[in-house]
Amino acid sequence: MSSDSNNFYYKIGDLVRRTNTWDSYSRGQTGVVVEIGTILDDPVPGEEMIRVCWENGYGTYWAKTKYVELVAGAKTND
């Protein structure tokens, strides 16, 4: 995850944890970011979304970045 003027951007391979959800089963689940995208329509056009492959066979779903937190950044080969 990188930062630009207090805006955070996740990257593919980051390990994230779900922080806010109505579904108590998925709250606290961890997963790996597999795709990056943005919302194209309302309510907030341009808001960053990440597609996460969640643990324990929960599935791979799009999530708003405000509902996840970074656990570990992806290793880069710089």
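1. Start with the E5–E6 hairpin: four residues sit between its strands, and one of them to look at is Asn-56, which takes a positive phi near 55 degrees. Asn-56 is not a glycine, yet its phi is positive at about 55 degrees. It belongs to the loop between E5 and E6, and at 62% relative accessibility Asn-56 counts as exposed. (Buried is under 20% relative accessible area, exposed over 50%, partly exposed in between, using a 1.4 Å probe and protein chains only.) Strands here are DSSP runs of E with at least two residues, helices are runs of H or I with at least four, and both are numbered from the N terminus.

2. A word on what you are looking at. This is a predicted model, where local features need pLDDT of at least 70 and side-chain atom pairs count only at pLDDT 80 or more, while totals for chains, interfaces and linings use all residues. Residues are numbered from 1 along each chain as its sequence is written, and side-chain values use heavy atoms, with hydrogens and water left out.

3. Of the 78 residues in the protein chain, 28% are buried. The protein chain exposes about 5,200 Å², with carbon and sulfur atoms supplying 49% of it; the areas come from the Shrake-Rupley method with a 1.4 Å probe, and for residues only the protein chains shown count as cover. Take the contacts (heavy atoms within 4.5 Å) between residues at least 6 apart in sequence: 41% of them join residues at least 24 apart.

4. Now the sheet. Five strands make an open, antiparallel sheet in the order E6-E5-E4-E3-E7. Strand E6 (59–64) and E7 are at the edges with a single partner strand each, so one side of each has no neighbour in the sheet. Neighbouring strands are turned by 45 degrees against each other on average, direction ignored; the axes are lines fitted to C-alpha atoms, for helices over the stretch in contact, and angles run from 0 to 180 degrees between N-to-C directions. Two strands count as paired if DSSP finds at least two bridges between them.

5. Five of the seven residues of E5 are buried, so the strand is largely enclosed by the rest of the structure. Val-52 can be followed in both directions: Val-33 stands opposite Val-52, and in E6 the bridge partner of Val-52 is Tyr-61.

6. Aromatics: the count comes to one aromatic pair. The rings of Tyr-58 and Tyr-61 have centres 5.8 Å apart and planes at 70 degrees, so this is an edge-to-face pair. The rule takes rings of Phe, Tyr and Trp (its six-membered ring) with centres within 6.5 Å, and calls planes under 30 degrees apart stacked, over 60 edge-to-face and the rest tilted. Both tyrosines are partly exposed, Tyr-58 at 24% relative accessibility and Tyr-61 at 43%.

7. Thr-65 is in the loop between E6 and E7. With a relative accessible area of 16%, Thr-65 is buried. Leaving aside neighbours within four places in sequence, Thr-65 is in contact with Tyr-10, Glu-48 and Ile-50.

8. Last, the part of the chain after E7. Asp-14 lies in the loop between strand E2 (7–9) and strand E3 (15–18), and at 0% relative accessibility Asp-14 counts as buried. A polar atom of the Asp-14 side chain is 2.8 Å from the backbone nitrogen of Ala-74. (A polar contact is a pair of N or O atoms within 3.5 Å; within protein, one must be able to donate a hydrogen and the other to accept it, and residues adjacent in sequence count only if both atoms are side-chain atoms.) Gly-73 is in the segment after strand E7 (68–72) and is partly exposed at 47% relative accessibility. The C-alpha atoms of Gly-73 and Ile-12 are separated by 9.1 Å, with the two residues 61 apart along the chain.
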